[in-house]
Amino acid sequence: MTTEARRAAGPRSFANVTLRTERLLLRPWAEADIDAITAACQDPEIQRYVPIPAPYSRTDAEVFVREVLPAGRAAGTDVVFGVFDADTALPVASVGLHRIKHLDAPCGGTAEIGYWATPAARGLGYTTEAVREVCRWAFADLALARVEWLALAGNEGSWRVVEKLGFTREGTLRFYTIQRGARHDMWIASLLRSEAKLG
Ligand SMILES: CC(C)(COP(=O)(O)OP(=O)(O)OC[C@H]1O[C@@H](n2cnc3c(N)ncnc32)[C@H](O)[C@@H]1OP(=O)(O)O)[C@@H](O)C(=O)NCCC(=O)NCCS
């Protein structure tokens, strides 16, 4: 879709986008994925670094799929892809664009990238492959000018993913967020469309 066509279609046009890479299929999380999301979100690393409920119940995954995701897509502010092994159809990760803003601005919008990988699928490059594709799509189809990344300070694994894609670290936002009842610094980085080399 061209930039002009996407602007004319409005934010809801990304509601049912499916993306593909060499090894992966990225599609909206669906009802059938609720058990897999529930299982993944039991992982201590996801609970430590991602702002999800803790403890995480099946009801939380139901609310996520049935209410949170549709509301974000309808508002044009959030789109989250379930990431699946293209051969086995098993879920390996989740990659989302959040706080999507200024989609209609001729100079381009912005969004924040967020992600987690299932423990079993880590270290295989899946997250990097999926984040690369979502950023490529965001620049090409949503015409974003900037994709930003924020993570709890010290999340070296998350940083490594975007570092490999050419993101530039911009600094530390002191006491920027509350996670699990405590204030934390966050690292911030970004990738601009004008500098992205995502293939
Ligand atoms: C961070 C996370 C998404 C990485 O997923 P992954 O599928 O293992 O990532 P990839 O396989 O694409 O690996 C990307 C790079 O990060 C490196 N990496 C992964 N975890 C790391 C860690 N804990 N410390 C340092 N480097 C790490 C990998 O070695 C790889 O680099 P390399 O190619 O130079 O070896 C995963 O560990 C996770 O889900 N963590 C918990 C949730 C989270 O922190 N989400 C991000 C919130 S901002």
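**Ground rules.** I am working with a predicted model, in which local features need pLDDT of at least 70 and side-chain atom pairs count only at pLDDT 80 or more, while totals for chains, interfaces and linings use all residues. Residues are numbered from 1 along each chain as its sequence is written, and side-chain values use heavy atoms, with hydrogens and water left out.

**Whole chain.** I found six helices and eight strands in the chain. Helices (H or I, at least four residues) and strands (E, at least two) are DSSP runs, numbered from the N terminus. Their order from the N terminus is α-β-β-α-α-α-β-β-β-α-β-α-β-β. Along the principal axes, the C-alpha atoms fill a box of roughly 45 × 40 × 30 Å. I checked the radius of gyration: the chain has 16 Å, which agrees with the value near 16 Å for a compact globule of 199 residues. That radius is taken over C-alpha atoms, and the globule rule is 2.2 Å times the number of residues to the power 0.38. Of the 199 residues, 46% count as buried. Here buried means under 20% relative accessible area, exposed over 50%, and partly exposed in between (1.4 Å probe, protein chains only).

**Annotation.** The unreviewed UniProt entry gives "domain: N-acetyltransferase" for residues 24–193. UniProt positions are in the numbering used here, feature names are shortened, and annotations may be inferred rather than shown by experiment. I noted that this span is 32% helix and 38% strand, with its end C-alpha atoms 23 Å apart.

**Ligand.** I counted the shell next: 22 residues surround the ligand, and the closest are Tyr 115, Gly 125, Thr 127, Thr 128 and Lys 164. A residue is near a molecule if one of its heavy atoms lies within 4 Å of it. Helix α6 gives the largest share of the shell, five residues. Elements that each supply at least two shell residues include α3 (44–49), β5 (109–117) and α5 (126–140). By class, the shell has eleven nonpolar, seven polar and four charged residues. Ala, Val, Leu, Ile, Met, Phe, Trp, Tyr, Cys and Pro count as nonpolar, Asp, Glu, Lys and Arg as charged, and the others, Gly among them, as polar.

I then listed polar atoms facing ligand oxygen atoms. A polar side-chain atom of Arg 122 lies 3.3 Å from one, a polar backbone atom of Gly 123 is 2.8 Å from one, and a polar side-chain atom of Asn 155 is 2.8 Å from one. Taken alone, the ligand exposes 920 Å², and the protein buries 71% of that.

**Ser 94.** Ser 94 sits in strand β4 (residues 91–101). I read it as buried because its relative accessibility is 5%. Its side chain makes a polar contact with the side chain of Trp 29 at 3.0 Å.

Most residues other than glycine have a negative phi, and most peptide bonds are trans. I found a cis peptide bond between Ala 54 and Pro 55, with omega about 0°. Pro 55 is in the loop between α3 and α4 (58–75). Ala 89 has a positive phi of about 65° and lies in the loop between β3 (79–85) and β4. Arg 99, in strand β4, has a positive phi near 50°. Ala 89 is exposed at 53% relative accessible area, and Arg 99 is exposed at 52%.

Note on methods
A polar contact is a pair of N or O atoms within 3.5 Å; within protein, one must be able to donate a hydrogen and the other to accept it, and residues adjacent in sequence count only if both atoms are side-chain atoms. Accessible areas come from the Shrake-Rupley method with a 1.4 Å probe; for residues, only the protein chains shown count as cover.
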